Amino acid sequence: MTYDFDLYSGAHLITPTKPRKPTIGRNPSSIEARAFADALEEYEREFRGYEEDKRWYLSERSRLDTEFRDKLKKDYSLSDEEFDVLWSEAYEQGHSGGIREMYNYFDRLYEFVLKYNSIAKK
């Protein structure tokens, strides 16, 4: 079984960057206040775009995560419950290392369970 870890980790996705809110000094001149108001309007437009991009980004990450998990579940012929037990432990152990590390833990846990079950059946 081979998996495109770069795809499923979202390596091709660009993380949206939150725009920086403009600031104004304590005693602005009228020129500074007008410039601030213009900058604030621009910031608000950019922020709406950022929120839209962020929603899409999170949705895409969620879709890729679900697709990867469904592929694992199918490839390993696991029920939802069996998969959830293995995946939750693999996630706990490997999420800081990324999706490849979680997969490595998942695969080792799966092999461990198979060995344990074969012994328990004797």
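**Figure 1. Confidence across the predicted model.** The protein averages a pLDDT of 96, and 100% of the residues score at least 70; pLDDT is the predictor's confidence in each residue, from 0 to 100. Helices here are DSSP runs (H or I, at least four residues), numbered from the N terminus. Because this is a predicted model, local features need pLDDT of at least 70 and side-chain atom pairs count only at pLDDT 80 or more, while totals for chains, interfaces and linings use all residues. Residues are numbered from 1 along each chain as its sequence is written, and side-chain values use heavy atoms, with hydrogens and water left out.

**Figure 2. An aromatic pair between helix 1 and helix 2.** Welcome to the rings: the whole structure holds 14 aromatic pairs. One of them joins Tyr-8 and Phe-68, with 5.1 Å centre to centre and 45 degrees between the planes, a tilted arrangement. Tyr-8 sits in helix 1 (residues 5–9) and Phe-68 in helix 2, so that this pair links distant parts of the chain, 60 residues apart. Rings of Phe, Tyr and Trp (its six-membered ring) pair if their centres lie within 6.5 Å; planes under 30 degrees apart count as stacked, over 60 as edge-to-face and the rest as tilted. Tyr-8 is buried at 9% relative accessible area, and Phe-68 is buried at 0%. The cut-offs are under 20% for buried and over 50% for exposed, with partly exposed in between (1.4 Å probe, protein chains only).

**Figure 3. Phe-68 meets Trp-87.** The ring centres of Phe-68 and Trp-87 are 6.0 Å apart and the planes stand at 65 degrees, so the pair is edge-to-face. Phe-68 belongs to helix 2 and Trp-87 to helix 3 (residues 80–94), so the contact ties together parts 19 residues apart in sequence. Trp-87 is buried as well, at 5% relative accessible area.

Figure 4. Glu-67 and Arg-63 form one of 2.8 Å, N to O; both lie in helix 2, four residues apart, about one turn of the helix. Arg-63 is partly exposed at 40%. The side chain of Arg-63 also makes a polar contact of 2.6 Å with that of Glu-60, a residue of helix 2 that counts as buried at 14%. A polar contact is a pair of N or O atoms within 3.5 Å; within protein, one must be able to donate a hydrogen and the other to accept it, and residues adjacent in sequence count only if both atoms are side-chain atoms.

Figure 5. Asp-84 pairs with Arg-69, the closest N and O atoms being 3.8 Å apart. Asp-84 lies in helix 3 and Arg-69 in helix 2, so parts 15 residues apart in sequence are tied together. Asp-84 is partly exposed at 40%, as is Arg-69 at 25%.

**Figure 6. The loop residue Ser-77.** Ser-77 is placed in the loop between helix 2 and helix 3. Its phi is near 50 degrees, a positive value in a residue other than glycine. Ser-77 counts as exposed at 63% relative accessibility.

Note on methods:
Helix = DSSP H or I, 4+ residues; strand = E, 2+ residues; numbered from the N terminus. Salt bridge = Lys/Arg side-chain N within 4 Å of Asp/Glu carboxyl O.
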